[in-house]
Structure formats: C-alpha cells, structure tokens
Amino acid sequence: MSSVCFTLHVLLLCGFLVAQQRLLPGSCNFELGTCGYTSDPEYGSWSMNEEGHFITVDSALLHDQEQAVLVSPVLNQQDWSCVRLVYQITGQGSLHLHFRPYSDNFDYRLWTANKASDSWLIASVDLPNTTIPHQILLEGRPERGSGNSLAIFEIHIVPGYCIECNFEEHHMCGYSNSWNPNVNWYVWGSMAREPESNQLENHTNNNQRGHYMYVDSVYAKHFQEVAKLTSPVTTVSMAGCLSFYYQRDQERGNIFLVFTRDQLGHYEEIWRPEVYATTGWTLVNVDIKAPHPLEVVFEVAFNSARGGYVAIDDVSFSPEFCQTDTEPIFDPSIANCDFENGLCLYYQERADIKVWSRASVKPNAYRIGDHTTGTGCFLLANTRFTSRPGYVGRLHGPFLPGNQYCLRFYYILNGFRKVENALVLYIYDENNVAQEKVWSLADTSRAVWTQVEITYMKPMLSKVVFVSICKNFWECGRVAIDDITVSVGDCQITSGSLPGQCNFESGVCGYIQDKKGDKADWLRVRGHTPTSYTGPRGDHTTGVTSCTSRRH
C-alpha cells in the first residue's frame, strides 16, 4: 500500500496505512475522473489537472464568470457523516461548501475558507442526518487577476462525526499539532496494544499494527513545555458523550487535560485524569455541549525531560450523554419575541401601571412601522400610557439558566431631550435583584430601528429586564423595542447562514445581477437614498450607517 505525506501544518510520521475508514458515496480522489461530480453549467467550469490527481478552477479560465460550482451526485446518506476535503487556495479567492436538499430551492452554506497557502490543507465538515436525498456543492471563487486559483485534491465522505478519529488515516481526520520545538504530538504505532487487553480487543481493527497519537518529554528543555493536539472545529450544534482511550506515565511530572475552545479563544476544561499512570488503555467518557462552533484540545505539559508520556486513541462521539443526569442543552429561544401576537414570556412589573404597550403604526414618508414586517407590532414606552407626569417602566424577560448568552434587539427613539435613562438593560437574579447594568443609550439616535448586540455571562439563573425611566413629562419622548432574540454563546461568533440569508453588510452573499434580462442594476448603498421619499432612511439590520441594496 502506498505511503502519502501532506504538509498540513501538523507534525506527523507518514507510514503505511493499515486500516482505512469506509468511504461513502460522494468520495473522490480524482485519479480516474470526477466520480460523478459535474460543473454547474450556469457558472464557470472546474477542470481536471492534465496529470490527474486533482481538480482546479483558475481565474484566467473563468472569463466573465465570478465562480465555478462543482455538484456531487445525488447522495442518500441518512446517518451523520463527515466530509473531509483536501484543498488549496493559491493567490486570492475563496472556497465554499454547500448542502442542497434534493427537493429544496436553496443551498445551505456549511463551510468557507479564504486563506491562501503553499501546501494542501484539510477541512472537516459535518453533514447532518437526513432522510431526504441531497447533494454537496463546492463553490470556487478565485479573485480576478493572474495567479489566483483553487484546487481540490480529495473528497472523502466517511460515517460518523468529524470529531471522531482512530488516527489510521494519513490526514489524522483533520486533527492538528501545535508546533513546539521540543515537545509535539506524533502519529505512533503498536506501543502497548497488548492483544490480551480486554479493553481494546474489539475496539480497533488491528491491535498489533494500529496507530495512535503520542507525546513524550524526552526533548523537553524548559519548565511547563506544552504540546497541544486540536480537533477539527465543529460545524453543527452537538451535545452528547465524547469518548477516547488514553495511556499515561507521569514519571516525574506531566499535566494532562482536555478542554474545549471556541472561535474567540474562550476555553473550558472538561476533563483531567485522576491517576498518574495507567497499566493499559483506559477509556474516558465525558459529556460535551457544543451549541456553537468549537474545537477539543488535548494538552500535555511536561516539567522536565523525565516527565513521562501520554498517548490517546479512538476518539468517538455519541449524541446520547454519558451520564443520565446530564441536563440537555437549554433552548434560549423561549426569550425571543417579535410582539406580533402578544408579549410572549415578557411581563411588566406592575400590572396597574402599564408603561410598555404593544403598538402598531401605518408607515409613511414621515414614520416607519415595526421592525419585523413594517406593518406589525412593537413594544412602546410612552408617558401617554400613564396618568403620571413621569414613569419607571420595567419589562421582565423569562429566567434563563446559567450560561453565556447573546442578546439581540432593535430599538427606536424619538423626542427625548435626555437619553441616559430612556432605555437601560439590566440582568436580574432569581430573587428579582438587579445584578448588573449591561447596556444603556449613549447618545440621541435618529428615528430608525437600530440593532443592539450584547454578550453576557451569568453562572446562575437570571433574566434580562428592559427599563425606561421618565422623570419629567416635558423631557421624555417615545422609546420602542422589537425583535428580541437570545442565543447561547458570544455574539461575535457567527453561526452558519440560512439559505439565501444576507444582510449586505460584507457583500452580496453570492447574489448575482441579471446582466442580460433587464436594464436596471441593484446597488449596495449606505444610509438614506439621495432623493427624498424614494427609499429607507437607513438599513434594516442595524440602522443608519449600514448597507442596503436598492435598484438603480
């Protein structure tokens, strides 16, 4: 069997492959053709390299097209599967992987890359379980100009989740070693895989010749020399049981732990061993919750050159929790509300003084309607709704369990002379005591819907409370809120986009002008339109300063 070596920004020893994972339909190494993959005729074409082995799209061959789309045969995988893609971007360009349900009109973008490299890279993308036949699409977008191209060397679709790996394949399932001059994770073979080990007898295909990941302290020169082995980033929401086998000999000192890390670098320790040494392969089961993209990191720190070793193998995942008492991922969408059909789970502190009320206005050239549809309902705080010269209006949300949350909402302000208390957001605990002021208006805004994003973290049960304070009737105006959404995680972490979704903040998201069918063009603009009463005052996403598209 041939030996293959890739430079994948990891350190690994290339050897003979002793066991290959079963490949599912849709896999292709482009040795003898394209395996049923075809170029979408509406766009440019992917081309086989003259010497074979990979398929490519070059900006010089696209002519007037901006992209080339490679479409797979119709696939019928019903269980979870993982696409492992070996690719390279040369110069400027981007590569996108889409999921297309066979009976759907939209493509779901699952993954994207836009960084050039001088070597082949590997990407791992989870495909969810579905009973609907589907296709995968690879969209190549090389920038115009010479020297810009994209190439795909190999597409492997394997059963299971991308985070799973037995380390028998040359690409290590997309796991990567963080380079350290002295200590690194290596692919190793047949260290202590004794045939008499009951734990591994039926766990790996070949106990004698299998491979695993290994790190030791032989070349450690400094205190706390660290080796990190990092999994591929999860691309779908996951919750369940992460399992792996490990061996450890601490000798004179090493620290072994496993943690998760999100796209902003925040990490959470999920496991560390309770014993200094093991006599054989030891199974670990740990519950993991990944509602947003994250990676699992296996880290070993050595105190000296006699710090022993650590080995791991057969990482697997099950959607069932290891412990029956583990709480499932809480769905924070119970705190979402667009006020179209009521207040949802929001309520006012005192029913006898209704400061916040649902309202609806008919939009015209002088005023705008609600944020959701333009003609629906929003929530409005106004002194007209009370019999007092001033008010304190508190709108309470539902309680959420301890976690990190991203809160988004829209507000509009009109008529306030002083805005410091016009709209304030607090976090309350389960005893209805304000714990933290997380946001307030900084200055007077124009009369357009403006988006607010707030990331907050609380270890205990808590809720958000919107507060509007008016001390004097003559200084107060109207403040409204609409479209409250809450999700788990940090607001800066972008989740996968829905099919056709685009806010036009960073481009047009793949939408294409019809250059031949009409004589008008859509323009991406910022702020109000140049002529009066011909368009919005600002964009729908965040307010005045962001981008919209209009026809010209």
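**Close-up views of aromatic pairs and a loop residue**

**View 1. An aromatic cluster.** Ring pairs join F244, Y246, F256, W271 and F298 into a cluster. Rings of Phe, Tyr and Trp (its six-membered ring) pair if their centres lie within 6.5 Å; planes under 30 degrees apart count as stacked, over 60 as edge-to-face and the rest as tilted. The count by this rule is 23 aromatic pairs. The model is predicted: local features need pLDDT of at least 70, and side-chain atom pairs count only at pLDDT 80 or more, whereas totals for chains, interfaces and linings use all residues. Residues are numbered from 1 along each chain as its sequence is written, and side-chain values use heavy atoms, with hydrogens and water left out.

**View 2. The pair of Y87 and W111.** The ring centres of Y87 and W111 are 5.3 Å apart and the planes lie at 75°, so the pair is edge-to-face. Because Y87 lies in strand 5 (residues 81-90) and W111 in strand 7 (residues 108-113), the pair ties together parts that are 24 residues apart in sequence. Strands (E, at least two residues) are DSSP runs, numbered from the N terminus.

View 3. Y212 and W281 form an edge-to-face pair, 5.5 Å centre to centre with 70° between the planes. Y212 and W281 are both buried.

**View 4. The loop residue N341.** N341 is found in the loop between strand 20 (309-318) and strand 21 (347-348). N341 is exposed, with a relative accessible area of 79%.

Technical notes:
Helix = DSSP H or I, 4+ residues; strand = E, 2+ residues; numbered from the N terminus. Buried < 20%, exposed > 50% of the residue type's maximum accessible area, 1.4 Å probe, protein only.
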